[in-house]
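Dear colleague,

Here is the structure I promised to pass on. My notes on it follow below.

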Amino acid sequence: MAALQTPSPFAGTARRFAPRLRYLLLPTTMSLSSSVISSRSCDGDGEQPLLPHSSLEIAGARRGLLAGFDSLRRPYRAFPVFASNRHVETIFAAFTRSLPTVAFRRECLRTPDDGAVALDWVSGDDRALPGDAPVLILLPGLTGGSQDTYVRHMLLRARSKGWRVVVFNSRGCANSPVTTAKFYSASFTGDLRQVVDHVLSRYPQSNIYAAGWSLGANILVRYLGEETDKCSLSGAVSMCNPFNLVIADEDFHKGFNNIYDRALANSLRVIFKKHALLFEGLDGEYDIPKAANAKTVRDFDQGLTRGQ
């Protein structure tokens, strides 16, 4: 991957923890399955030095800023037996990973189209943390939310470092309300944009970061590309991102992946059936029976998402 020979646009814009992102590549330029966009680097006097890394390196390279993380330089050692195969590891974690107890305080945001999203904050953090503590927005994967084990483990790890954490539950996820005939999709970044603006308005002295998994990561990176130099985030992490959704959809129909496909389709059906009356009698490109009985994510997408 060739680096752009330009000075880092992050230089000279430091706040307490990191400068705001001044430039991000469009999502189509990203090709790694896990990308880190970070801008934290300062010398001993607290001044922000000129970073010798290009935007492309910061957005997805193994050199530069990522080289500062010792854990990323170590060879990956899979957990014996259980992690010797990616499917075994996934299933093992799903059935054995602990679910930490977290007391949440829910905040519902009304969107411009009269929809709603739910933000789950850790109860008591308003009193326990300083007003300028860094804020981390978590974006779970498809149908995921604050109830998921991987989300809660990440939340607790960030809180242990003094971060304020909020889980962004997309429409219908984690029992968040669905008030219009519209769910969420990879191409829709409007809800995330409103969430980021809302969090920044609540904590104007804080640096705001975001981390997403899978579809949440895809939405996050698309948002970063759309915002470019207007982005309000100080940093972002993309994990297990299906950058090319067409290829990802094709892979869902290969071998063992069919099990994941059916499991996700089942979760989508459960969410849809709770709010089916909102879609009653709708015409146009909707195929309500197909969405209600979807056996695959593609079926649900064809029946409902593409009609929105």
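Which residues does serine 170 touch, not counting residues up to four places away in sequence? They are Ser176 and Tyr184, where a contact means heavy atoms within 4.5 Å.

Before the rest, the basis. This is a predicted model, in which local features need pLDDT of at least 70 and side-chain atom pairs count only at pLDDT 80 or more, while totals for chains, interfaces and linings use all residues. Residues are numbered from 1 along each chain as its sequence is written, and side-chain values use heavy atoms, with hydrogens and water left out.

Serine 170 sits in the loop between S5 and H6. Serine 170 counts as buried because its relative accessibility is 12% (buried means under 20% relative accessible area, exposed over 50%, partly exposed in between, with a 1.4 Å probe and protein chains only).

Serine 170 also lines the largest cavity, together with Leu139, Pro140, Gly141, Gly144, Phe168, Asn169, Cys173, Tyr184, Gly216 and Ile219. A cavity here is a set of points on a 1 Å grid over the protein atoms alone where a 1.4 Å probe fits but cannot get out, and lining residues have an atom within 4 Å of a point. The largest cavity holds about 70 Å³ of space, a volume being the space filled by probe spheres set on the points, which are joined across faces, edges and corners. Four cavities of 30 Å³ or more turn up in a search of the whole structure. Strand S5 (164-169) and helix H7 (214-227) each give at least two residues to the lining of the largest cavity. That lining has six nonpolar, five polar and no charged residues (Ala, Val, Leu, Ile, Met, Phe, Trp, Tyr, Cys and Pro count as nonpolar, Asp, Glu, Lys and Arg as charged, and the others, Gly among them, as polar).

On the fold, the chain has 11 helices and seven strands, taken as DSSP runs numbered from the N terminus (helices H or I, at least four residues; strands E, at least two). Of the 308 residues in the chain, 44% are buried.

In H5 (residues 149-159), the buried residues are Thr149, Val151, Arg152, Leu155 and Ala158; their cover includes strands S2 (104-110), S3 (116-122), S4 (135-139), S5 and S6 (208-213). In H6, Asp191, Leu192, Val195, Val196, His198, Val199 and Leu200 are buried, with cover that includes S2, S3, S4, S5, S6 and H7.

Regards

Key. 1 Å grid on protein atoms, 1.4 Å probe; cavity = no way out; pocket = protein on both sides within 12 Å on 5 of 7 lines; lining within 4 Å.
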